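Hi everyone, thanks for coming. I'd like to walk you through one structure today, so please have a look at it with me.

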Amino acid sequence: MNEIAIRKLNRSDFDAFWGLRSFALITDPTSFWNTVEESTPGLEEKYEKRMHQENDFTLGAFVGDALVGMMAFTRYKLKKLIHKGDIEGVYVHPDHRGKGISSLLLAQTLEKAFAQEGLNKVTLAVTEGNLAAKSLYEKYGFIVYGHEENGMVVEGQAYGQYWMHIAKLEWQG
């Protein structure tokens, strides 16, 4: 197996990012809140804007030159919420699952996020039934603080969402 490299995505990664993201939205629609059609308008501008945000980032997992996984972090901008941020847009290509890529992405995302001054909580949502993701988050110390029945509906099928968080003090990084 080729070595896995984790790094922050940059402008030159946009095509690879969109290729993996659109594939993910089509093949794993319950893992994301939006669809390909909803993601496309203005995506390149949003991606470019993220590159300039001080506290927001997207990490990519590369095997050789191929982007095979990603995880984004967005810090809240409002003064009353700036102490926390969200992990979102998590995906590893099916051909590369079971190799520890999600774990590498999560460890580096938490390290980078909690290094930010004043940040003391990271939250995320995971779709009910995605046991591998939920187990990974729990392994890192995330706890469920809520469950939303019918959190999303995909092609007429309702799915629950687990809301999870980890405090900086609970993280074993």
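Let me begin with a question: is E155 buried or exposed? E155 is exposed, with a relative accessible area of 82%. On this scale, buried is under 20% relative accessible area, exposed is over 50%, and partly exposed is in between, using a 1.4 Å probe and protein chains only.

Before I go on, a word on what you are looking at. This is a predicted model, in which local features need pLDDT of at least 70 and side-chain atom pairs count only at pLDDT 80 or more, while totals for chains, interfaces and linings use all residues. Residues are numbered from 1 along each chain as its sequence is written, and side-chain values use heavy atoms, with hydrogens and water left out.

Back to E155, then. You'll find E155 in the loop between β6 and β7, the latter being residues 157–167. The phi of E155 is positive, near 50°, and E155 is not a glycine. Most residues other than glycine have a negative phi. N150 is another non-glycine residue with a positive phi, about 50°. N150 sits in strand β6, residues 143–154, and counts as exposed at 51% relative accessibility. One more thing about E155: its C-alpha is 9.8 Å from that of T30, although the two are 125 residues apart in sequence.

Now for the strands. Strand β3 (residues 66–75) pairs with strand β4 (residues 84–92) in the antiparallel sense, over 6 bridges; pairing here requires that DSSP finds at least two bridges between the strands. Within that pair, F73 has I87 of β4 as its bridge partner. On to β5 (residues 121–127): β4 and β5 run parallel and are joined by 3 bridges. There, G85 stands opposite V122 of β5. To get from β4 to β5, the chain passes through helix α4 (residues 101–114), giving a right-handed β-α-β crossover. Right-handed means that, with the strands pointing away from the viewer, the path from the first strand over the helix to the second runs clockwise.

What about the interior? By nonpolar core I mean a set of buried Ala, Val, Leu, Ile, Met, Phe, Trp, Tyr and Cys residues joined through side-chain atoms within 4.5 Å. The largest one has 29 residues, and those touching the most other members are I87, L105, L106, L110, V122, Y137 and F142. Elements supplying at least two residues each to this core include β1 (4–8), β2 (57–63) and α5 (131–139). Which element gives the most to this core? That is α4, with 6 residues.

Take Y137 as an example. Setting aside neighbours within four places in sequence, Y137 is in contact (heavy atoms within 4.5 Å) with V90, L106, L124, V126, F142 and M164. There is also a second, separate core of 14 residues, with F17, L20, F62 and L67 among them.

S22, in helix α1 (residues 14–27), is buried, with a relative accessible area of 16%. Its side chain reaches the backbone oxygen of G19 at 3.2 Å.

How many salt bridges are there? The count comes to 4, where a salt bridge is a side-chain nitrogen of Lys or Arg within 4 Å of a carboxyl oxygen of Asp or Glu. One of them joins the side chains of R7 and D13, at 2.7 Å from N to O. R7 is partly exposed at 34% relative accessibility, whereas D13 is buried at 6%.

Another links D28 and R97, with the closest N and O atoms 2.9 Å apart. D28 lies in the loop between α1 and α2 (36–39) and R97 in the loop between β4 and α4, so this pair ties together parts that are 69 residues apart in sequence. R97 itself is partly exposed, at 42%.

Then there is the salt bridge between E138 and K134, whose closest N and O atoms are 2.9 Å apart. Both residues lie in helix α5, 4 residues apart, or about one turn of the helix. E138 is partly exposed at 36%, and K134 is buried at 17%.

That's my tour, and I'm happy to take questions.

Terms used
A polar contact is a pair of N or O atoms within 3.5 Å; within protein, one must be able to donate a hydrogen and the other to accept it, and residues adjacent in sequence count only if both atoms are side-chain atoms.
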